[in-house]
Amino acid sequence: MKEKTGVAVLASGRGSNFEALARACLDSDYPAVIRVLIVDSREAGAAAVADSFGIECVAVDCGAKKGSMSPESSERMADVCADRGVALVCLAGFMRIVKGALMTGYRGRMLNIHPALLPGFRGLHAQEQALAYGVRYSGCTVHFVDEGVDTGPIVIQRVVPVLDEDTVESLSDRILQEEHRAYPEAVRLWAEGRLRIDGRRVLIREGE
Ligand code: GRF
């Protein structure tokens, strides 16, 4: 059997997408394996999820500036990934803009999941933005990471309806269910070598 793709997940929060990926990796046919979880705070719920799956968790202090990472922390993360043979980095609720050594080292090999249909409602509180705007449909997007905020080429989008009675919580829950399907699917496509970035577009080759 082909060697599995080593993945690092970066998270700052509760870690439900990390958990969805970890679950997918339990399947012996799944082409990826999570080598490490990197958190920017030990307090992140994702750290406890890593414990429960027996996945190594490394905390990296990214500096005091909210939403940003120091050059040293980026280098440290790149080193942690390289040491563990990580081929693909997955941001899953990681609340800092990636730059520096990690960005350079993993360009085209880094994915993020966003709880809206990009390019609409980028940045924070995407579900609240969608509700306030009055869209009838929202969803989630898995995309490659570039220097911008939620601007990289799109791999997968999944759509959910927005209902009249929705609150931010109910809409977020509906979107989250789709996130938990979309992210493992996107990682599978990447690990199977079926994604090709062509400018802004991502072309997906048919599976065998
Ligand atoms: C998700 O909604 C994801 O799309 C966004 O941050 C949230 C993280 O949730 N980037 P979780 O920590 O994976 O539960």
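Ground rules first. Numbering starts at 1 along each chain as its sequence is written, and side-chain values use heavy atoms, with hydrogens and water left out. As the model is predicted, local features need pLDDT of at least 70, side-chain atom pairs count only at pLDDT 80 or more, and totals for chains, interfaces and linings use all residues.

Start with the ligand. Which residues are around it? They are Arg-14, Gly-15, Ser-16, Asn-17, Gly-93, Ile-113, His-114, Pro-115 and Glu-179. Around here means a heavy atom within 4 Å. By class, this shell has 2 nonpolar, 5 polar and 2 charged residues. Nonpolar is Ala, Val, Leu, Ile, Met, Phe, Trp, Tyr, Cys and Pro; charged is Asp, Glu, Lys and Arg; the others, Gly among them, are polar.

Now the polar contacts, meaning N or O pairs within 3.5 Å. A polar side-chain atom of Ser-16 sits 2.5 Å from a ligand oxygen. For Asn-17, a backbone N or O atom is 2.9 Å from a ligand oxygen. Glu-179 puts a polar side-chain atom 2.7 Å from a ligand oxygen. Two elements give two or more residues to the shell: helix H1 (16–26) and strand S5 (110–114). Helices (H or I, at least four residues) and strands (E, at least two) are DSSP runs, numbered from the N terminus.

Next, helix H6, residues 168–191. Its 24 residues should span 34 Å at 1.5 Å a residue, and the end C-alpha atoms are 33 Å apart, which agrees. That expected span is 1.5 Å times one less than the number of residues. Just after H6, Gly-193 takes a positive phi of about 70 degrees.

Last, the loop between S5 and helix H5 (126–133), where Pro-119 is found. The peptide bond from Leu-118 to Pro-119 is cis, with omega near 15 degrees. His-125 is in that loop too. His-125 has a positive phi of about 55 degrees, though it is not a glycine. Most residues other than glycine have a negative phi, and most peptide bonds are trans.

Terms used. A polar contact is a pair of N or O atoms within 3.5 Å; within protein, one must be able to donate a hydrogen and the other to accept it, and residues adjacent in sequence count only if both atoms are side-chain atoms.
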